[in-house]
Structure formats: C-alpha cells, structure tokens
Amino acid sequence: MTVIAFCGASGGPGVTATALSALLTWPLPNGRRVVLAECDPDGGSVAAGYLESRVFGDRGLHHLQIADRRGHLEEVFWQQLLNLSEPEADANRLLLPGLISPAQAVGLHQTWPRLSQLFSDLEQREPGYDLLVDLGRSGAAGAASALARSADLTLVVVRGTLRAAHAAKPRVDALRAALQMHGRDSSRIGLVVIGEGQFRPRDIAEELQLPVFAELPFDEKTARVLTHGGDGGRGFANTPLMRKAAEMSRTLQALAVQEQLRLHAPAEQQRPTTLLRRLTTKGATHDTAR
Ligand SMILES: Nc1ncnc2c1ncn2[C@@H]1O[C@H](COP(=O)(O)OP(=O)(O)OP(=O)(O)O)[C@@H](O)[C@H]1O
Ligand SMILES: [Mg+2]
C-alpha cells in the first residue's frame, strides 16, 4: 500500500482535478483498491463538482472527528466512502468526501495524525489499498501536515506561470521544513506541472528546487468535467489530460513503491532509487534526492 499526498498553492492550480484524475486512472492489479481522501482543510469539492451532488446521504470527513473521539475511527471511515468505479466494475475506486465547511477543520486538529496512521495501517487490509490524499493549498503546512509527513510521496501541483511558481515557493519551503523537522528527507517531494504558461517544467523545477514527477497538459474541457461534472463522453479516457493522467498514475505508483523499498532497506542502501534519480536529473538541475 502506498500513500500519495497532493497539495498546491493559492490560485487553484488544479490539485483536486489532478488527484481525481489519478483516482480514475490508478493501476489496480490483482483486485487492489484505491481511495481518494479529500483532506483539504478548506473543504472538499468532488461531491458538488464532479459528482454534481448526485450522491445521496451525508457522508464525509466531517464524521471522523466524533468517531475518532469515540474510538471508532476506522469503522466510521469505511462507512463514509463513495464508490466512483465504472458501473460494471467492482467497488475499487473510492472517495472520502471532504469537509463541507472550513470551520470543521478546527475540530479535526487531533484527528489528522490518527487519520494518517490509519492510512498507513490500511496496508494490512485485504485486498490491498493505495491512498491518494488531497491536502489542498494549506493542508501540507498546517495541522493536516501529519498526512504529508507520513506519505510515501508528496506532489506539489503547479502551473508553468510566474504567478504559480511565486505562489508555490513559500509552500514548498514550508513543506520541506516540516518534513525535515520530523526527520523525513525531502526527496519524496516532487512536482506535477500543468502545461499552462511560459515556463517549461524544467524551469519550474529549477525555480522550486524539486524534481518533476509528472507533467499534465492544459486541457480545459476535460478538467472542467473533473471539477464541475457533466458527461465527458465515450472518449473521456482518451482525452489528452486523462491519457497523461494514466501515465502519471503509473509513474507515481512505481515511485511510491520504490520509496517504500528504500525506507525499509538497511541504512547504507537508503540512497535515491533509480527512477527517482532519473526523474531528478531530468527535471531539476540539482540533486534533491538525498
Ligand atoms: N490540467 C488542467 N488543464 C486545464 N484546466 C485545469 C487543469 N486542472 C485543473 N484545471 C482547472 O483549474 C481550476 C481549478 O481546479 P481545481 O479545483 O482542481 O484546483 P485546486 O488547486 O484544487 O483549487 P482549490 O485550492 O480551490 O481547491 C478548475 O477550473 C479546473 O477545471
Ligand atoms: Mg481543490
């Protein structure tokens, strides 16, 4: 099981659309399952956006605070999940809808670390789970940062514009500092660059001193389906964005598995993995993966 966190900065770079595209394209060999947990302290948007509020029942992250206090966190977590799989498929692509209001985040202060522990513990649950976590623009540095610290990989979603790079810089620095303060190295942070703007992914990598883990095209029509719903049509999976998202998902899964192997290897072998090193040299001109 792997845990992959997505975060961003102000300006709505596309964190939720990217995390959702990963959920819909995540490779699921041998009956595995994937969960997208919307843990953005500013509130979730998939239920009202992609799902157009077609879902009945009051499910979501806000139920976990009381459940946690009563010692039923895991039991209630499973009850909150929505099935986003294809109609004929098994329930293997699941969503934990996010908060309805940012005010609810205050009450979750003590729950974030336990939620992060629960996500890591899902490794032992059959048939095998991968967790994608949407931390929004502020989650990676605030109280919810426990989720970023325990993730195998943390992705910063950024566009190729000066404004986006400028907004991302302090967030990246805060995230790096938060990981280092807790003894985690920052080689697990990378970028997803959305191809809008004058800067190439390698320029953004240079500016933010991070490797590029994935590149996604600027594809407004497809992104709109992910953020506002509507019928993507039969060709949805073959749109430029969804095809590149499938590539991103394969890369991220491979990177996360390698990161886990690296973490569990004896200390002298804890060097950057081959794929990570390759991405690092390709995306950034310095060695961030130590
Ligand atoms: N790859 C993309 N190409 C073009 N437009 C995109 C892409 N990804 C997202 N968008 C658009 O950008 C806008 C913001 O997307 P999204 O809600 O995913 O951002 P966010 O970073 O999660 O924002 P917030 O911080 O408000 O949660 C939406 O209009 C969405 O359709
Ligand atoms: Mg969002």
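Start by selecting helix α7, residues 162-181. Its buried residues pack against β1 (3-7), α6 (145-150), β6 (153-159), β7 (189-195) and α8 (201-208). Helices (H or I, at least four residues) and strands (E, at least two) are DSSP runs, numbered from the N terminus. Two residues are in contact if their C-beta atoms, placed from the backbone, lie within 7 Å.

This is a predicted model, in which local features need pLDDT of at least 70, side-chain atom pairs count only at pLDDT 80 or more, and totals for chains, interfaces and linings use all residues. Residues are numbered from 1 along each chain as its sequence is written, while chains are lettered from A and ligands numbered from 1 in the order in which they are written.

**Along α7**

Colour A164, A165, A168, R171, V172, L175 and L179, the buried residues of α7. A residue is buried if 20 or more other C-beta atoms lie within 10 Å of its own, exposed if 12 or fewer, and partly exposed in between, with C-beta atoms placed from the backbone. An α-helix has 3.6 residues a turn, so residues three or four places apart point the same way.

Now select A168, where α7 has a kink of about 30°, shortly before the proline P170. The bend at a residue is the angle between axes fitted to the seven residues ending there and the seven starting there. The end C-alpha atoms of α7 are 29 Å apart, which agrees with the 28 Å that its 20 residues should span at 1.5 Å a residue. The expected span of a helix is 1.5 Å times one less than its number of residues. Just after α7, G183 takes a positive phi of about 75°.

Is R149 buried or partly exposed? R149 is partly exposed, because 19 other C-beta atoms lie within 10 Å. Not counting residues up to four places away in sequence, R149 touches A178, L179, H182 and R184. For a distance, pick L108: it is 41 residues from R149 in sequence and 17 Å away in space, C-alpha to C-alpha.

**The nonpolar core**

Select A5, L132, V133 and L191, which touch the most other members of the largest nonpolar core, a set of 80 residues. A nonpolar core is a set of buried Ala, Val, Leu, Ile, Met, Phe, Trp, Tyr and Cys residues joined through C-beta atoms within 7 Å. Leaving aside its neighbours within four places in sequence, V133 is in contact with V3, I4, A5, F6, A37, C39, L147 and A151.

Then move to A19, in helix α1. A19 counts as buried because it has 28 C-beta neighbours inside 10 Å. Beyond four places in sequence, A19 touches F6, L36, L132 and D134. A19 and A37 are 18 residues apart in sequence and 9.4 Å apart in space, C-alpha to C-alpha.

**Around ligand 1**

Select ligand 1 and the 20 residues around it, of which G12, G14, T16, A17 and A223 come nearest. The elements that give two or more residues to this shell are α1 (15-25) and α9 (220-228). A residue is near a molecule if its C-beta atom, placed from the backbone, lies within 6 Å of it. The largest share of the shell, 4 residues, comes from α9. By type, the shell divides into 8 nonpolar, 7 polar and 5 charged residues. Ala, Val, Leu, Ile, Met, Phe, Trp, Tyr, Cys and Pro count as nonpolar, Asp, Glu, Lys and Arg as charged, and the others, Gly among them, as polar.

**Stops in the loops**

Most residues other than glycine have a negative phi, and most peptide bonds are trans. With that in mind, visit these residues:

- N30 lies in the loop between α1 and β2 (33-38). N30 is not a glycine, yet its phi is positive, about 55°. N30 counts as exposed because it has 6 C-beta neighbours inside 10 Å.
- Q209 is in the loop between α8 and β8 (212-217). Q209 also is not a glycine and has a positive phi of about 55°. Q209 counts as partly exposed, with 16 C-beta neighbours inside 10 Å.
- P127 is in the loop between α5 (111-121) and β5 (129-134). The peptide bond from E126 to P127 is cis, with omega near 5°.

**Last stop: α10**

Finish with helix α10, residues 240-264. Its 25 residues should span 36 Å at 1.5 Å a residue, and the end C-alpha atoms are 37 Å apart, which agrees. Among the buried residues of α10 are L241, M242, K244, Q253 and E259.
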